[in-house]
Amino acid sequence: MSDMNPILQVKDLHTSFKTNAGYVPSVNGVSFHVNKRQTLAVVGESGSGKSVTALSIMGLIEKPGKIEKGSIQLGKTELTTTKEKEYRKIRGNEIAMIFQEPLTSLNPLFTIGNQISESIKLHQGLNKNSAKEKVIELLNHVGIPRAEKIYDSYPHTLSGGMRQRVMIAMALSCKPKLLIADEPTTALDVTIQAQILELMKKLKKDHDTAILLITHDLGVVAEMADNVAVMYAGQIVEYADVFSLFKDPKHPYTKGLLNSTPKFFEKNEKLESIRGTVPPPNAMPSGCRFNPRCPFAMEKCMKENPPLIELDSGRKSRCWLVEDEGGNKNE
Amino acid sequence: MAQSIETPSVVQKKSSVSYVLKSLLKSKTGFAGFLIVIIVVLVAIFAPLLAPYDPALINPTKMLKPPFWIEGSDPAHLLGTDNLGRDILSRIIYGSQVSLLVGISAVVLAGIIGIVVGLVSGFYGRWVDMILMRLVDSFLAIPNILFALVFLAIFGPSVPTLIVVIGVTNWVAYARIVRGETLSIKEREFVKAARTIGVKNSIIMVRHILPNVMSSFIVISTLSVASTILLEASLSFLGLGIQPPTISWGGILSDGRDYLATSWWLATLPGVAITITVLGIIFLGDWLRDLLDPRMEK
């Protein structure tokens, strides 16, 4: 948890969307940082604000959405005030992103080579031939066999795993400092998932990339992450290193998430679920946002939303229960 | 790893001439369309050499002769003569020039305006979309023919004004379709992916969205070459289209309307010429759409 050289530092990020009923916050005061060669996993249910956080970092929040408050720093650059023209030089060059659906992330009408070289030509100004060499090198690097042939193939002739490799090659083409992976393995079958995760790990080592991994799959988190931020209803509810999070989850929501994951040795037991659903952003409950679903909810939880309380170990949890354990108020 | 990929089909460069020719020969309808269009174009170009008579030559001794397969025909006029004794075959041959020129240029003009407006409107959305689509609505509120009549009355009927007028009245249909397609394609992930590598909006529009819109556009535009030729015909019928002695298929067709009950071939034969040409263009368009889409490869 050292703050030595964070590549990405997000502080108190508020992103909201304008609707007929006014501005509805989707991300509500999120702070975290990612260091060099580290992977931070952002975990949460659908609608918890994970993807909006990622798009805020990419500067791709489109109207009616808006970053209302907070700072996003990439190295020493403040991104929230960066002009669109400058931002385009950062996108693909310093931050890259891969998506959930490798099937739809590639333009069906262009060859693989054509699409990967777009980024290279754009940011490195290489000519056609040297770009092609670079692309084939990249394809080899992400483990695509017969790269020469794949270069001239169209996306529909490749399998899902291959396409995700292509997306990774595209993302890494300019050696970005930060890779944002938005559910990179959700659409893949399990054996391919493992391969893709292995590949991402290897690339992280080779290129010193920091990874922001967005997922709802705790298996992927255990496999990949150094630190984990658990998000619920637009806020981080727990922040910890991956080992302590799995060993001793502090927030009831994290506990619920872990309980609703099947475990290998506990057969016959009915899989637990967290009752209820994430509240819509325009109808947040008063007090703690998790209280209507929380099995430990107390009277205090109905009245006051707990701050992110820092524990001695450097872990953080947004729960009044933690305060009783001697946590210090952080915010 | 090797088992995780399907064998990619044999890769060929899309741009090579031999590839295009091969694909044309493989598609039966495409080839037929290609032949028809080539023949019609050649006929239009070499009309003076092919036509047996001067199309404006009046012959009062041979009026309303039927085509060769009907009794009473004149062997000198294969497709018969009209009410002034003019040779219909020659008129159809000469008429192809103006009909093709007007039909195709007007569609190209309308298509260009429609694509630009539709792309910009669909891509930028919000107030840009509002303004452009209200403009489209107001165009739709005025009947095409009325709009064309007013314009032609102001600027005077001639082939260039006719092209511009038909183009300007017909772009709204393309704009709507292109906008709709753009709306759906811009939400696809590859557009987002292009953004994440820092591609400019203008390039995203032209490089990533436009090619994906083209297949619908090609289908619609080839179909509307027919309606354009017919619109020109109705304008000619109303007296503001192609002015004699210039000949167009639409013009011959509307001339023949008065004699439909007695000498049906006057109106029918140019109609057949329009049908065959349009069919050829549609076949060609279908093939072109498949050629441009790598997923259609077999």
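Let me begin with conventions. Residues are numbered from 1 along each chain as its sequence is written, and chains are lettered from A and ligands numbered from 1 in the order in which they are written. Because the model is predicted, local features need pLDDT of at least 70 and side-chain atom pairs count only at pLDDT 80 or more, while totals for chains, interfaces and linings use all residues.

On confidence, the predictor assigns the complex an ipTM of 0.75 and a pTM of 0.76. The per-residue score is pLDDT, the predictor's confidence in each residue, from 0 to 100. For chain B the average pLDDT is 83, and 94% of the residues score at least 70.

I turn now to the elements themselves. Helices (H or I, at least four residues) and strands (E, at least two) are DSSP runs, numbered from the N terminus. Chain B has eleven helices and zero strands. Its C-alpha trace spans about 80 × 50 × 30 Å along its principal axes. A residue is called buried if 20 or more other C-beta atoms lie within 10 Å of its own, exposed if 12 or fewer, and partly exposed in between, with C-beta atoms placed from the backbone. By that criterion, 38% of the 298 residues in chain B are buried. Contacts require C-beta atoms, placed from the backbone, within 7 Å. Of the contacts in chain B with a separation of 6 or more, 69% are between residues 24 or more positions apart.

Next, the strands of chain A. How many of the residues of strand β3 (residues 39-43) of chain A are buried? Five of the five are, so β3(A) is largely enclosed by the rest of the structure. In a regular strand, side chains alternate between the two faces of the sheet. In β3(A), A:Thr39, A:Ala41 and A:Val43 are buried on one side, and A:Leu40 and A:Val42 on the other.

Two strands count as paired if DSSP finds at least two bridges between them. Strand β3(A) runs parallel to strand β8 (residues 210-215) of chain A, with five bridges joining them, and A:Leu40 has A:Leu212 as its bridge partner there. Strand β9 (residues 227-232) of chain A also pairs with β3(A) in the parallel sense, over four bridges, with A:Val42 opposite A:Ala229.

A further sheet in chain A is open and antiparallel, with four strands in the order β2-β1-β4-β5. Its edge strands, β2 (22-35) and β5, each pair on one side only. Strand β1 (residues 6-19) is joined to β4 (residues 65-74) by eight antiparallel bridges, and A:Leu8 stands opposite A:Leu74. A:Leu74 also has a bridge partner in β5(A), namely A:Thr77. Strands β4(A) and β5(A) form a hairpin with two residues between them, and A:Gly75 in the turn has a positive phi of about 60°.

Helix α6 (residues 160-172) of chain A deserves a moment. The expected span of a helix is 1.5 Å times one less than its number of residues. For the 13 residues of α6(A) this comes to 18 Å, and the end C-alpha atoms are 18 Å apart, which agrees. Twelve of the 13 residues are buried, among them A:Arg163 and A:Arg165. The cover includes β6 (95-98), α3 (112-124), α4 (128-141), β7 (178-182) and α7 (190-207) of chain A.

Now the core. A nonpolar core is a set of buried Ala, Val, Leu, Ile, Met, Phe, Trp, Tyr and Cys residues joined through C-beta atoms within 7 Å. Which residues have the most contacts inside the largest one? They are A:Leu178, A:Ile180 and A:Leu212, in a core of 150 residues. Helix α4 (residues 88-124) of chain B gives this core its largest share, 14 residues.

Finally, the contact between the chains takes 37 residues from chain A and 26 from chain B. On the side of chain B, α8 (189-196) supplies the largest share, six residues.

Key: Two residues are in contact if their C-beta atoms, placed from the backbone, lie within 7 Å.
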